Amino acid sequence: MTSLPLAVLGFLTVIIMLVLIMTKKASPLVALIAVPVVTGIIACFFMTGEDTAGMGTMERFTTNFKGLGEMITGSSGIGSVAATGVMFIFSILFFGILTDAGTFRPIIRKVLHLVGTDPVKICIGSAILAMIVHLDGSGAVTFLICVPALVPLYDALGMRRTTLATVVALAAGTMNILPWGGPTIRAHTALANMEGTEDTVTSFFMPVLPAVIVGLICVLIMAAFLGKAEKKRLGTIALNNVEYNAPELTEEEKALERPKLFWVNIILIVAAIVSLLFSGFAPAVVFMVFYVLATVINYPRVSDSKARVDAHAKSCLMMCSVLFAAGCFTGIMSGTGMITEMAGALIAIIPDALGNFFPLIVGVIAMPASLLFDPDSFYYGVLPVLAQTAEGFGILGADVGRAAILGQMTVGFPISPLTASTFLLVGLAGVDLGEHQKKTIPLAWLLSIIMVVVAFITGAIAL
């Protein structure tokens with residue numbers, strides 16, 4: 001195999017894809033398909049192997065070109081992401097139905113009742129609320145539910161809205177590491193064919209669970225400190241006389257509510273999470289089963305059930321189409337050998353002493369990388385190259401992936417200008433993006449580094 005042309009083509013593929021996505025010249029869906037297909041066709045001129053030995057250039061191109069389709073649809077391409085796509089569809093439907101049924105609203109009311117008018121309790125309660133709501137893995141849903149519910153309380157007390165935005169961002173960002181969250185799914189998809197990457201996204205995630213738990217505890221501690229700062233700033237204001245009125249529900253929201261099924265739905269959520277973590281069943285199977293239970297219990301009429309699917313179809317289609325496009329990208333990059341040759345080129349220029357700390361380096365820069373790379377660009381374009389390079393130093397690519405998800409578009413997504421959710425958060429909170437970033441980035445980076453350290457100590461990331 002001619003290494004230099006394939007390595008150059010590989011770097012061009014990644015760079016062109018990043019430029020197209022980041023400059024918004026093409027959608028991630030188009031870039032993930034079009035760019036690797038074009039460079040993959042060119043790579044057919046340079047791929048050599050036992051079946052093409054002794055062939056002329058055009059004959060070799062024809063033989064390799066015929067195998068391009070199998071690269072895209074095979075086990076290293078779309079075949080590697082099929083189960084993940086199914087999981088994502090049914091996880092969106094499952095949590096979407098429970099949200100429609102009003103499962104989280106009593107929790108919101110209870111949290112607001114418990115926190116009272118103490119800024120410290122309010123900040124901690126805001127974090128807990130965001131963690132609970134973000135169980136569905138959607139930043140937009142979390143911000144749409146939490147921020148409008150909490151803004152009147154913060155305003156009534158005179159607390160800064162930037163504090164609300166920071167607390168919700170830290171909580172949602174840490175919860176975004178869960179195995180049905182976008183970044184973890186992307187990381188597992190991109191590294192599915194590498195040594196050390198488990199068959200399921202849940203198995204890939206489990207080693208970093210202790211780090212995530214520590215991260216969530218740190219979020220509560222940070223929220224407490226932010227609340228204490230607010231309390232000190234407010235001084236002797238008579239907080240106990242503050243009145244707070246929760247936002248009114250629309251008629252459609254009232255019609256969809258199922259208050260009598262609250263505890264049934266809570267049991268469904270707990271059972272689903274326990275099954276995901278400990279049952280051994282594939283996540284796709286778990287969410288398929290629990291989606292059926294959720295829809296039959298809450299919306300047994302066929303017309304109502306269909307309406308709930310229609311309501312969440314856009315989210316399902318958008319994410320899954322990108323996943324399958326990523327399968328096309330990883331299939332071509334892997335099948336043509338471009339990733340291998342790119343990694344070989346990087347290994348040649350990276351000192352051995354530095355290479356041994358590769359996962360730790362990736363973990364430290366992962367959160368700031370959220371400001372430079374959108375999730376599709378990083379996980380499908382950059383991460384496979386980093387992981388393959390790490391393997392050249394005897395380090396499992398999966399460890400690099402686990403280090404990445406502890407910051408890149410997890411803790412980092414609510415401060416990144418590359419995600420629509422960030423603008424939704426600052427828009428709902430009514431704060432300036434620059435002020436939000438100034439306050440949140442240092443805490444988010446510290447949080448990410450703490451989790452990386454814990455992951456290293458617990459063996460989730462090996463050096």
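Trainee: How many salt bridges does the structure hold?
Mentor: Good place to start! Keep in mind that this is a predicted model. Side chains of opposite charge can pair when their charged atoms come close. In this structure, the number of salt bridges is seven.

Trainee: Which residue does Arg308 meet in a salt bridge?
Mentor: Arg308 sits in helix H16, and the pair links distant parts of the chain, 208 residues apart. Both partners are buried. At 2.9 Å, N to O, the partner of Arg308 is Asp100.

Trainee: How many residues apart in sequence are the parts tied together by Asp118 and Lys231?
Mentor: These two form a salt bridge, with their closest N and O atoms 3.7 Å apart. Asp118 lies in the loop between helix H6 and helix H7, while Lys231 is in helix H12, so the parts they tie together are apart in sequence by 113 residues.

Trainee: Is Glu230 buried or partly exposed?
Mentor: Let's look at its partner too: Glu230 forms a salt bridge with Arg233, and both lie in helix H12, about one turn of the helix apart. Arg233 has a relative accessible area of 40%, so Arg233 is partly exposed. Buried means under 20%. Glu230 has 0% relative accessibility, so Glu230 counts as buried.

Trainee: Which helix gives the largest share of the nonpolar patch?
Mentor: The patch covers about 940 Å² of surface, and its residues include Phe357 and Trp445. Two helices, H19 and H23, each supply at least two of the patch residues. With five residues, the largest share comes from H23.

Conventions:
Residues are numbered from 1 along each chain as its sequence is written. This is a predicted model: local features need pLDDT of at least 70, side-chain atom pairs count only at pLDDT 80 or more; totals for chains, interfaces and linings use all residues. Side-chain values use heavy atoms; hydrogens and water are left out. Patches are made of residues with over 30% relative accessible area and no salt bridge: like charges are joined within 9 Å, nonpolar side chains (Val, Leu, Ile, Met, Phe, Trp, Tyr) within 5 Å. Accessible areas come from the Shrake-Rupley method with a 1.4 Å probe; for residues, only the protein chains shown count as cover. A salt bridge is a side-chain nitrogen of Lys or Arg within 4 Å of a carboxyl oxygen of Asp or Glu. Helices (H or I, at least four residues) and strands (E, at least two) are DSSP runs, numbered from the N terminus. Buried means under 20% relative accessible area, exposed over 50%, partly exposed in between (1.4 Å probe, protein chains only).
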